Amino acid sequence: MADWIDCAVLAHPKGLEGGLVCRAATGLPLLLSEGAECALVPPQLDAPRTVTVGRLEPRPKAGEAVVYFREVADASVAQALAGCHCLMRADQVDAEAVVAAVASDALACEGYQVVDSAAGPVGAVAGVDEAPGQMRLVVERPEGGRPLLVPIVPEIVAGVDDERRTVDVRLPAGLLEL
């Protein structure tokens, strides 16, 4: 599933035209935009499994909008989709927006556990290294030694979960051995 990003949750229907209140995924800005194509999970009976954003109406709360999908014509279909997650192909996502959100979150996630999708927990965030051209998480390893430097790029940092106090990553092969 590395080719897909869980970017938003459809909270509840809004209005009779099939609108849905949409909330950005934890640690990300609202990545949906007009024309964006999404897969919806879990799939629902009698409702579309893939949708295209027709229009977005931002809400006062940051990271929220009312979204109208081209394939959702009324409130009954919108009701069936409430609770679904919107997955976008990674190549559709504005990588700069993801990096900016993760970088700003990284400054506030000192002490969070860094969890690799393959290796599991790898250490705790000790800070951010603002090297020229790229920001990196400084991760203190549980066994000590040199800290691990994790580039803050969307291909590696999948997201930040404030509730679990974790930074989810997909580390390239060999990075843990450096």
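User: How many helices and strands does the protein have?
Analyst: This is a predicted model. From the N terminus, the order of elements is β-β-β-β-β-α-β-α-β-β-β-β-β-β. The total is two helices and 12 strands.

User: What share of the residues in the protein is buried?
Analyst: Buried means under 20% relative accessible area. The protein has 178 residues, and the buried share of them is 40%.

User: Among contacts with a separation of 6 or more, what share joins residues 24 or more positions apart?
Analyst: A contact here means heavy atoms within 4.5 Å. Of the contacts with a separation of 6 or more, the share from residues 24 or more positions apart is 51%.

User: Which strands pair with S3, and in which sense?
Analyst: S3 covers residues 37–41 and forms three bridges with S4, residues 50–58. Ala-39 has Thr-50 as its bridge partner there. S3 also forms three bridges with S6, residues 85–89, where Val-41 stands opposite His-85. The partners are S4, antiparallel, and S6, antiparallel.

User: Which element gives the most residues to the largest nonpolar core?
Analyst: This core has 26 residues; Leu-10, Leu-32, Phe-69, Leu-81 and Cys-86 touch the most other members. At least two residues each come from S1, S2, S3, S4, S5, H1 and S6. With four residues, the top contributor is S1.

User: How many residues are in the second, separate core?
Analyst: Its members include Leu-148, Val-150, Val-157 and Val-169. The size of this second core is 17 residues.

User: Which residues does Phe-69 touch, leaving out those up to four places away in sequence?
Analyst: Phe-69 is one of the residues that touch the most other members of the largest core. Beyond four places in sequence, its contacts are Leu-10, Leu-20, Val-51, Thr-52, Val-53, Gly-54 and Cys-86.

User: How many disulfides does a search of the whole structure find?
Analyst: Cys-7 is buried at 0% relative accessible area. Cys-109 is also buried, at 1%. The search finds a disulfide count of zero.

Definitions and conventions: Residues are numbered from 1 along each chain as its sequence is written. This is a predicted model: local features need pLDDT of at least 70, side-chain atom pairs count only at pLDDT 80 or more; totals for chains, interfaces and linings use all residues. Side-chain values use heavy atoms; hydrogens and water are left out. Buried means under 20% relative accessible area, exposed over 50%, partly exposed in between (1.4 Å probe, protein chains only). A disulfide is a pair of cysteine sulfur atoms within 2.5 Å. Two strands pair if DSSP finds at least two bridges between them. A nonpolar core is a set of buried Ala, Val, Leu, Ile, Met, Phe, Trp, Tyr and Cys residues joined through side-chain atoms within 4.5 Å.
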